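Take a moment to look it over, then read on.

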Amino acid sequence: MAHDGAFIHEPDPEFPGWHTWKLNEGSRFNSQGLGRMLVRREGDRSARLRLVEAGVQHSNVLDAVHGGVTLALIDVGMFAAMFTVIGADAVGAVTLDLQNQFIGAGRIGQPLDVVAEIMKETRRLVFVRGTVEQDDHLVASFMGTLRKPSASR
């Protein structure tokens with residue numbers, strides 16, 4: 001369990017096998033803009049971050065998940081994978097780049113998952129690739145780079 005004052009990661013009693021993924025302070029973007037998220041490790045190099053339910057607050061005028069929500073969830077998913085797979089500190093790390101391809105529309109009223117795979121870790125960087133999925137429906141694919149926190153934070 002991680003609980004360092006800024007971040008809470010502990011087993012979720014409602015969803016066996018999943019852990020919470022949230023900031024301790026509920027007024028920040030992750031909590032207000034996205035909502036309840038869970039994470040679990042999948043295999044040697046991957047983690048799955050789940051937005052428990054994509055709601056109307058996540059929708060665009062077409063009643064699909066807004067692209068900005070999908071991008072924000074990908075960003076959070078990369079940090080969740082970095083922490084879950086390699087144990088790197090997610091607090092204080094930053095996104096250096098994120099390339100995304102939208103493939104299909106995310107549906108409202110269902111969980112939305114980011115499946116992120118750690119491709120390589122160096123002393124300062126973590127390279128990630130993955131997909132955004134709803135069941136067997138592919139919403140997006142992505143690649144990104146995270147910079148680990150500096151020792152002076």
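## The surroundings of K148

Setting aside neighbours within four places in sequence, K148 is in contact with A93, E121, T122, R123, R124, L125 and V126. One of these partners, E121, also makes a polar contact with K148, side chain to side chain, at 2.6 Å. Please keep in mind as you explore that this is a predicted model.

Where does K148 lie? You will find K148 in the segment that comes after β10 (137–147). Is K148 buried or exposed? Its relative accessibility is 14%, and because buried means under 20%, K148 counts as buried.

## The fold along the chain

Stepping back, the protein chain holds 2 helices and 10 strands. Following the sequence, their order reads β-β-β-β-α-β-β-α-β-β-β-β.

Contacts also reach along the sequence: of those between residues at least 6 apart, 56% join residues at least 24 apart.

## Overall shape and surface

A compact globule of 153 residues would have a radius of gyration near 15 Å, and the protein chain agrees because its value is 15 Å. Along the principal axes, the C-alpha atoms fill a box of roughly 45 × 30 × 30 Å.

Of the 153 residues in the protein chain, 43% are buried. The chain exposes about 7900 Å², with carbon and sulfur atoms supplying 52% of that area. As for charge, there are 16 positive and 18 negative side chains, and the centres of these two sets lie 8 Å apart.

Terms used
Residues are numbered from 1 along each chain as its sequence is written. This is a predicted model: local features need pLDDT of at least 70, side-chain atom pairs count only at pLDDT 80 or more; totals for chains, interfaces and linings use all residues. Side-chain values use heavy atoms; hydrogens and water are left out. Helices (H or I, at least four residues) and strands (E, at least two) are DSSP runs, numbered from the N terminus. The radius of gyration is taken over C-alpha atoms; the globule rule is 2.2 Å times the number of residues to the power 0.38. Buried means under 20% relative accessible area, exposed over 50%, partly exposed in between (1.4 Å probe, protein chains only). Contact means heavy atoms within 4.5 Å. Accessible areas come from the Shrake-Rupley method with a 1.4 Å probe; for residues, only the protein chains shown count as cover. Lys and Arg count as positive and Asp and Glu as negative; His and the chain ends are not counted. The place of a charge is taken as NZ of Lys, CZ of Arg, CG of Asp or CD of Glu. A polar contact is a pair of N or O atoms within 3.5 Å; within protein, one must be able to donate a hydrogen and the other to accept it, and residues adjacent in sequence count only if both atoms are side-chain atoms.
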